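User: I would like to learn how to read a protein fold. Where should I start?

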Amino acid sequence: MDVDVDGAPNAYGPPGSHTLDEPLSAHYRRRPHGEIVGYLTDDENPSIPIVQGPQDPCPGLYISQTAFTDPANSNERDPRRYVDATKINYIVLGNAAKHRGAQLGDFVVVYSRRTHRSAFGIVGDSGNPSGDEGSLHLLQALGYPFHNGIDDAVEEREIVVRFYPHSNPQQLFFRTQAALDAAARHLGLSRDFAEQTKQPQ
C-alpha cells in the first residue's frame with residue numbers, strides 16, 4: 001500500500017516548497033504526461049496549478065483534492081472541501097472494490113498483518129485502478145513510521161481492507177478521525193480481525 005497525501009493542504013507546492021510529496025505523484029499513475037489528479041489546475045491551462053490564498057491553511061501551496069468531497073461545500077478552491085490525508089483514515093477506490101459495490105464515502109475497516117493494528121476509515125479518493133493506496137494518517141494509525149508520500153510505502157501484501165458498500169448513503173464528511181470513529185461504531189462496525197493470520201494468503 002502506497003502512501004496517499006492528497007487532500008492535505010501541504011501535499012504539493014512549487015519547487016523548493018516543504019511539502020509531503022513531489023508533483024509527479026499528483027499525476028495519474030505517476031506518469032509525467034498523465035493527467036494531474038492530485039491538485040487543482042486552471043480550467044483554461046491544466047498545466048497551471050491553483051494555489052492557496054492568504055486565508056487558506058497553507059498560502060502559496062497547491063490546492064490538493066480528493067475524489068470524495070464535503071457535500072456542504074461547493075467551493076472547489078477551498079482546501080477544506082477535501083479529505084485531509086493527515087487527519088483522516090482513507091483508502092483509494094480500486095476497480096476490484098468498485099465492481100463489488102464499493103463507492104466513495106463508504107466506511108472501511110483496515111488491518112495490518114504486520115503490526116496487528118486495525119482502524120476505521122472511509123473510501124476517500126480514486127485515481128489508482130489497483131486501489132493500493134491509503135492516507136498518511138491511516139498508515140500511521142496502523143503503526144507504520146511514515147512521514148510523507150515521497151519514499152514511504154508498505155511493500156508486502158499485509159494490508160487487509162474490509163469494505164462496507166453503501167454504508168454512508170448520506171455522504172457524511174468527517175473533519176476529525178474521532179468523528180469518523182464514532183460514526184463507524186454507531187453503525188455497529190467492528191475492528192476485530194481475529195480470523196486473519198499473520199501471513200498473507
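Analyst: Start with the helices and strands, which are DSSP runs numbered from the N terminus. The model here is predicted. Its protein chain holds 3 helices and 6 strands, and along the sequence they follow the pattern β-β-α-β-β-β-α-β-α.

User: How compact is the protein chain for its 201 residues?

Analyst: The radius of gyration is 16 Å, close to the 17 Å given by the globule rule for 201 residues, so the chain is as compact as a globular protein of that length. Along its principal axes, the C-alpha trace spans about 50 × 35 × 30 Å.

User: What share of the residues is buried?

Analyst: Of the 201 residues, 49% count as buried; the cut-off is under 20% relative accessible area.

User: What tends to be buried together in soluble globular proteins?

Analyst: Nonpolar side chains tend to be buried together in such proteins. In this model the largest nonpolar core has 27 residues, and Leu 138 and Leu 139 have the most contacts inside it. The elements giving two or more residues to this core are β3 (107-112), β4 (118-125) and α2 (136-141). Of these, α2 gives the most, with 3 residues. Another core, of 18 residues, lies apart from it, and includes Ala 85, Ile 122, Phe 173 and Leu 189.

User: Which residues does Leu 139 touch, leaving out those up to four places away in sequence?

Analyst: Leu 139 touches Met 1, Val 3, Gly 134, Tyr 144, Phe 146 and Val 154.

User: And among contacts between residues at least 6 apart in sequence, how many join residues at least 24 apart?

Analyst: In this chain, 69% of them do.

Definitions and conventions: Residues numbered from 1 in each chain as written. Predicted model: local features only at pLDDT ≥ 70, side-chain atom pairs only at ≥ 80, totals over all residues. Heavy atoms only, no water. Core = buried A, V, L, I, M, F, W, Y, C linked by side-chain atoms within 4.5 Å. Buried < 20%, exposed > 50% of the residue type's maximum accessible area, 1.4 Å probe, protein only. Helix = DSSP H or I, 4+ residues; strand = E, 2+ residues; numbered from the N terminus. Contact = heavy atoms within 4.5 Å. Rg over C-alpha atoms; globule rule 2.2 N^0.38 Å.
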